[in-house]
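Subject: Handover of a structure and notes on its contents

Dear colleague,

Please find below the structure that I am passing on to you. My notes follow it, arranged by topic, so that they can be read beside the coordinates.

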Amino acid sequence: TCLAVQTVVTGLAGYEPDGSFTTNKNDGWEMYDAGIAAQTFCLAAHEMGIGTVIMGIIDDVRLAELLDIPDSERVIAAIAMGYPEFEPNMPPRKSVEEISRYY
């Protein structure tokens with residue numbers, strides 16, 4: 001079992017060169033980009049037979065201290081990884097009609 005710690009460089013995604021926000025999403029782009037990166041990381045691990053779980057409820061301040069993360073970065077998530085002992089049954093999926101709206 002292994003643990004990857006995901007960070008973002010603060011003040012970069014969603015900001016203009018002068019430090020102002022690019023959109024009214026404020027610093028939300030950092031989280032959006034981090035989510036895309038975490039999903040891509042987990043999909044790549046899955047292709048190698050490695051199971052993952054993204055954990056967002058973590059002591060991010062303590063992790064940053066333990067790992068000596070620079071002040072210019074913020075811990076976003078931890079991703080536990082390991083080789084699964086078995087493949088779990090996939091829960092039933094909702095239909096596209098249940099989760100989508102068309103305009």
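Which elements each supply at least two residues of the lining of the largest pocket? They are helix α1, which covers residues 28-47, and β2. Please bear in mind throughout that this is a predicted model.

The largest pocket

The volume of the largest pocket comes to about 350 Å³. Helix α1 makes the greatest contribution to its lining, with four residues. The residues that line this pocket include Gln39, Cys42, Leu43 and His46. Gly49, Ile50, Gly51 and Thr52 also belong to the lining, as do Pro84, Phe86, Glu87 and Pro88. Sorted by class, the lining holds six nonpolar residues, five polar ones and one charged one.

Strand β2 spans residues 51-55, and Val53 is part of it. Val53 itself counts as partly exposed because its relative accessibility is 44%. Ile54 is also found in strand β2. Its relative accessible area is 44%, so Ile54 is partly exposed. Along the chain, Ile54 and Arg93 are 39 residues apart, and 20 Å separates their C-alpha atoms.

Salt bridges

Side chains of opposite charge can pair when their charged atoms come close. How many salt bridges does a search of the whole structure find? The search finds two.

One of these salt bridges joins the side chains of Arg74 and Glu30, with an N to O distance of 2.9 Å. Arg74 belongs to strand β3 and Glu30 to helix α1, so this pair ties together parts that are 44 residues apart in sequence. Are the two partners buried or exposed, or does one lie in between? Glu30 is buried, because its relative accessible area is 3%, whereas Arg74 counts as partly exposed at 31% relative accessibility.

Another salt bridge is formed by Arg62 and Glu65, whose closest N and O atoms are 3.5 Å apart.

Helix α2 covers residues 60-67 and β3 covers 73-82, and Asp68 lies in the loop between them. Asp68 is not a glycine, yet its phi is positive, at about 55°. With a relative accessible area of 66%, Asp68 counts as exposed.

Is Ala45 buried or exposed? Its relative accessible area is 6%, so Ala45 is buried, the limit for that class being under 20%. The C-alpha atoms of Ala45 and Thr22 are separated by 33 Å, and the two residues are 23 positions apart along the chain.

Yours sincerely

Methods. Residues are numbered from 1 along each chain as its sequence is written. This is a predicted model: local features need pLDDT of at least 70, side-chain atom pairs count only at pLDDT 80 or more; totals for chains, interfaces and linings use all residues. Side-chain values use heavy atoms; hydrogens and water are left out. Buried means under 20% relative accessible area, exposed over 50%, partly exposed in between (1.4 Å probe, protein chains only). On a 1 Å grid over the protein atoms alone, a cavity is a set of points where a 1.4 Å probe fits but cannot get out, and a pocket is an open set with protein on both sides within 12 Å along at least five of seven lines; lining residues have an atom within 4 Å of a point. Grid points are joined across faces, edges and corners, and a volume is the space filled by probe spheres set on the points. Ala, Val, Leu, Ile, Met, Phe, Trp, Tyr, Cys and Pro count as nonpolar, Asp, Glu, Lys and Arg as charged, and the others, Gly among them, as polar. A salt bridge is a side-chain nitrogen of Lys or Arg within 4 Å of a carboxyl oxygen of Asp or Glu.
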